[in-house]
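Q: I'm new to this one. Can you walk me through it, starting with what the words mean?

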Amino acid sequence: MASSVLVLSMAALVMILLCNTTATASNASPANETQHNTFSLDNFGAHGDGKHDDTQALAKAWNAACSSSRPAVLLVPKGKSYLLNSITLSGPCKSSIVFMVKGTLVAPPSRSAWSEDNRGHWIMIQGIFGLTVTGGGTINGNGDDWWKNSCKTNKALPCTMAPTAFTFHRCDSLKVENLKIFNSQQIHMSVEDCNDVQLARLSITAPGTSPNTDGIHITRSKDVQVRDCIIKTGDDCMSIEDGTHNLHVTKVVCGPGHGISIGSLGDDNSRAEVSGILIDSVQLYGTTNGARIKTWQGGSGYAKDITFQNIIMDNVQNPIIIDQNYCDSTTPCKKQQSAVEVSNVVFKNIRGTTISKDAIKLSCSNDDSCSDIVLENIDLKMEGDKGETQSTCQNAKWRKAGTVIPQPCEAKN
């Protein structure tokens, strides 16, 4: 009898242990996996009230995520605001990272938070492969104090550098999508020395009067795609500069702002190289320029294999413009001999309204003129039917295809 009881007790004990072990394993595994792979700012001492400095919390969370041997999620929780001073988040990292911004990252409201050493950027991410930044959250640059103290707002003030809100430097296989970025101190997002980049579903906004607040700035980068973005700023919706190759932009809405610009290129007698640019299915509203290429006198290099196509313009000033005599200076620019060569440029299927009589401006250099310029199926009329549009040309070598309104002009020397 005692033996039977003992056997039953042992069997029951084994069953209890097995059940407990199974329950523990099934319950603990997902929790541990989540804990090991998700790194929330709140777990690294962040306040999330938009008042206390959370810069170090982000730095610590980034370092932990970057050190993870498995794919990591760096989480900015929803419903909270995290005050950040200037910060650089660096790789390489052991695995891929998803920077999940669900809440708000906010910059200090005063310029005094920046020193001369870090004035060029607010949030910089550099030297990482396979980064994704997403989450539907907000990046608030708090740029008002910077705009008030800009020399473009008040010409009596000296011209000084202001921070770029979000900089990606030497990031390959980069994805940035589903974010709201607004009121940057200067440029909203800059992509520099990056390869294989996808930017999508970004909302970038700042007042039309805010100086130098480019939406997306791309330089020294190749194989970049930009799609489904809404950009409203006080400067170029997109600025495409030296070293950009194989860029495809599609379904972007721009305005207010200065349009989509290639350049400026060749400033300070520098060499610039840009090629393989496609700007497709873009809408521009109330911008000061439309499809623009701008180069300084005295530069060298090339801007070639560029297409602007399937573009709708509404109330746009300077809808189509190539300017090889660009000068953004407080003093007149002296005439110089060399220029960045502009060639194989197509403006195709562009229609809408303009507030400037000169709807097409081709102002090219005497020495390195624009060549192989194609105008195809263009229909640009004055806003409110206030007269006829016209074209002005200087040293431009162009040809037309289909119907072009206004009629392309004869080359003028």
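A: Contact, or touching, means heavy atoms within 4.5 Å. Keep in mind that this is a predicted model: local features need pLDDT of at least 70, side-chain atom pairs count only at pLDDT 80 or more, and totals for chains, interfaces and linings use all residues. Residues are numbered from 1 along each chain as its sequence is written, and side-chain values use heavy atoms, with hydrogens and water left out.

Q: Which residues is Phe308 in contact with, leaving aside neighbours within four places in sequence?
A: Phe308 contacts Ile260, Ile262, Ile279, Ala291, Arg292, Ile293, Val346, Phe347, Lys348 and Ile350.

Q: Which residues touch the most other members of the largest nonpolar core?
A: Phe99, Phe168, Val226, Phe308 and Phe347 do, in a core of 100 residues. Strand 11 gives the most to this core, with 8 residues. Such a core is a set of buried Ala, Val, Leu, Ile, Met, Phe, Trp, Tyr and Cys residues joined through side-chain atoms within 4.5 Å. Strands (E, at least two residues) and helices (H or I, at least four) are DSSP runs, numbered from the N terminus.

Q: Why would nonpolar side chains gather like that?
A: In soluble globular proteins, nonpolar side chains tend to be buried together.

Q: Is Val224 buried or exposed?
A: Val224 counts as buried because its relative accessibility is 1%. Buried means under 20% relative accessible area, exposed over 50%, and partly exposed in between (1.4 Å probe, protein chains only).

Q: Where does Val224 lie, and what does it touch?
A: Val224 is in strand 15, residues 222-232. Not counting residues up to four places away in sequence, Val224 touches Val197, Ile218, Asn246, Leu247 and His248.

Q: And Lys180, where is that found?
A: Lys180 is in strand 11, residues 164-182. Lys180 is partly exposed, at 38% relative accessible area.

Q: What is Lys180 in contact with?
A: Beyond neighbours within four places in sequence, Lys180 contacts Gly136, Gly137, Thr138, Ile139 and Ser203. A polar atom of the Lys180 side chain lies 2.7 Å from the backbone oxygen of Gly136. Lys180 and Leu202 are 22 residues apart in sequence, and their C-alpha atoms are 6.0 Å apart.

Q: Switching to Thr132: buried or exposed?
A: Thr132 is buried, with a relative accessible area of 17%. Thr132 lies in strand 9, residues 131-134. Among its contacts, setting aside residues up to four places away in sequence, are Phe99 and Lys175.

Q: New topic. What volume does the largest pocket have?
A: About 1100 Å³. On a 1 Å grid over the protein atoms alone, a pocket is an open set of points with protein on both sides within 12 Å along at least five of seven lines, while a cavity is a set where a 1.4 Å probe fits but cannot get out; lining residues have an atom within 4 Å of a point. Grid points are joined across faces, edges and corners, and a volume is the space filled by probe spheres set on the points.

Q: What lines the largest pocket?
A: There are 44 lining residues, and Lys152, Asn212, Asp235, Tyr326 and Asp328 lie nearest the centre.

Q: How many cavities of 30 Å³ or more are there?
A: The structure holds 1. The largest cavity has about 40 Å³ of space. Its lining includes Gln297, Lys335 and Asn366.

Technical notes:
A polar contact is a pair of N or O atoms within 3.5 Å; within protein, one must be able to donate a hydrogen and the other to accept it, and residues adjacent in sequence count only if both atoms are side-chain atoms.
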